[in-house]
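This report walks through one protein model, looking at its strands, its charged pairs and a part of its surface. Please keep the sequence and the structure in view while reading.

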Amino acid sequence: VWRHKSGKSWLYTGTSGMWIIGGGDAKERNFECTRGVIYSKYAHGGLMPDRIDSIWLRLSGDKFHEDSSITVSIKPSPLYVQTPNGQQRCAGEYLPVADALANGLPFWEHIGSKCWLYSGTNGMWIIGGADAKVKEFKCTRGVVYCRVPHGGAMPDKMVTNWLRLEGETFREDAAISISVKPPTLYVVSPNGQQKCAGEYRLVAGETVHGQPVWKHRKAIFRIFSSREGIWRIAGNEAKESDYRDGTSMIQCDVPHKGAMPNRIGAVWSRLEGEELIKDSAIAISTVLHKPAKLHVKSPNGQQRSAGEYVLVAGTQANGHPLWRQMGGKYWLYSGTNGMWIFGSSIAKEKNFDCSRGVIYSNTQHGGVMPDRLKSLWLRLDGEAFHEDESIVIEADHAPRKRP
């Protein structure tokens, strides 16, 4: 039996052996009846409502009429695509398109680019672009596809390799994967427990209480599900493998019911002292918006560290993005103290496993990008650091001066 989220309708199998959508009167009879307003035309014989080929009938006035527009389907989950060797624009998170089907099956839209994952007219799963959407997916256009027909299996259930377009030829690529579990999560926590912020990677083959686990790229922390079904971020400094026994640094008090951490709609809590307090600034997502370029101004001192910085693709420092000064010897990195720092080649020689520099944020960033920090910056003047409100960091995509 399924209950509508409003609590006023139920989908059940009646004493006639047909699937029926009924109301409170059917529930009052403990569903030992055939009362309802929609039902399958034929007995289901044990097939689930989304699997029967029967037409459905709908009550209109005093009579039931066949209605071929009625469909029953399983609400698909978000999907996460990895394609590291090519067609990277197709990688990322895809959300199911509500109340729509493509060639009779669900389809998904990328959250950040014009890509769709759909079932083509050839019965194969395909990742295509705007040209496929224009054709309302009545086609086989795309740049990534599964090599065998799916037969109704969802994209994450396919056990064969995928193919991607390279030049004018499709090539098999075993590195392409589609999963209901996000491979990477980014945690932002600017107001406290900043050490938990950063990038977390899915731990292959590891589960806790039936749910996946993500590990911080640099620190000991992990994201995992408690026995009560809530997402936690915790670590155990004494014995890293016993992280489940560690104190929750951050957690969501609302049971996830199988939803991934980036899909929880509730406010997260963080540990402050000995209490967990709500903090609406905490965010967990699959996308980290990293500025490709940063422009730095420091007119009162350390001018040699000013100028344009570019993102170093594929490289991190202490689990956070890294920028390199154009035409200079400075780097903007996240230090081991959790602060953004402008450091020289000395910091680079230490692989940024330090907190050396001449300008740094006076608070831990907690995953907030340098151009988004609201705090002042500190600048080395002689042998001491002093706050300098004239230091400005702006990004190309969204210039912002310090208020």
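## A strand and a surface patch

The residue L59 is found in strand β5, which covers residues 56-60. The structure shown here is a predicted model, and every value below is computed from that model. Together with V37 and F64, L59 forms a nonpolar patch on the surface, and the three residues share about 220 Å² of accessible area.

## The nine-stranded sheet

Nine strands are arranged in an open sheet, in the order β14-β13-β12-β11-β10-β9-β8-β7-β15, and their pairing is antiparallel. The strands at the edges are β14 (169-173) and β15 (177-179); each has a single partner strand, so one side of each is left without a neighbour in the sheet. From one strand to the next, the twist averages 25°. As a general point, strands of a sheet pair through backbone hydrogen bonds, and they can do this in a parallel or an antiparallel way.

Some of the pairings can be followed residue by residue. Strand β7 (residues 79-82) is joined to strand β8 (residues 92-96) by three bridges, and the two run antiparallel; within this pair, V81 has G92 in β8 as its bridge partner. Strand β7 also pairs with β15 in the antiparallel sense, again over three bridges, and here the bridge partner of Q82 is S177 in β15. Elsewhere in the sheet, strand β11 (residues 125-128) and strand β12 (residues 144-146) pair in the antiparallel sense over two bridges, with I127 standing opposite V144 in β12.

## A buried arginine and its network

Which residues are linked with R164 in a network of salt bridges? The network consists of R164, E166, R171 and D173. R164 itself lies in strand β13, which spans residues 162-166, and R164 is buried because its relative accessible area of 9% falls under the 20% limit for that class. The side chain of R164 makes a polar contact of 2.9 Å with the side chain of E166, and a further polar contact, of 2.6 Å, joins the side chains of R164 and D173.

## Salt bridges elsewhere in the chain

A search of the whole structure finds 18 salt bridges. One of them joins E66 to K41, with the closest N and O atoms 2.2 Å apart. This pair links distant parts of the chain, for E66 is in strand β6 (residues 63-67) while K41 is in the loop between β4 (38-40) and β5, and the two are 25 residues apart. Both residues are partly exposed: E66 has a relative accessible area of 43%, and K41 has a relative accessibility of 30%.

E199 takes part in salt bridges with two arginines, which can be considered in turn. With R201, the closest N and O atoms are 2.5 Å apart, whereas with R217 the closest N and O atoms are 3.8 Å apart. E199 is buried, at 3% relative accessibility, while R201 is partly exposed at 39% and R217 is partly exposed at 42%.

Technical notes:
Residues numbered from 1 in each chain as written. Predicted model: local features only at pLDDT ≥ 70, side-chain atom pairs only at ≥ 80, totals over all residues. Heavy atoms only, no water. Patch = residues over 30% accessible without salt bridge, like charges linked within 9 Å, V, L, I, M, F, W, Y side chains within 5 Å. Areas by Shrake-Rupley, 256 points an atom, 1.4 Å probe, with all protein chains shown as cover. Salt bridge = Lys/Arg side-chain N within 4 Å of Asp/Glu carboxyl O. Helix = DSSP H or I, 4+ residues; strand = E, 2+ residues; numbered from the N terminus. Pairing = 2+ DSSP bridges. Axes fitted to C-alpha atoms, helices over the stretch in contact; angles between N-to-C directions. Buried < 20%, exposed > 50% of the residue type's maximum accessible area, 1.4 Å probe, protein only. Polar contact = N/O pair within 3.5 Å; in protein donor to acceptor, adjacent residues only side chain to side chain.
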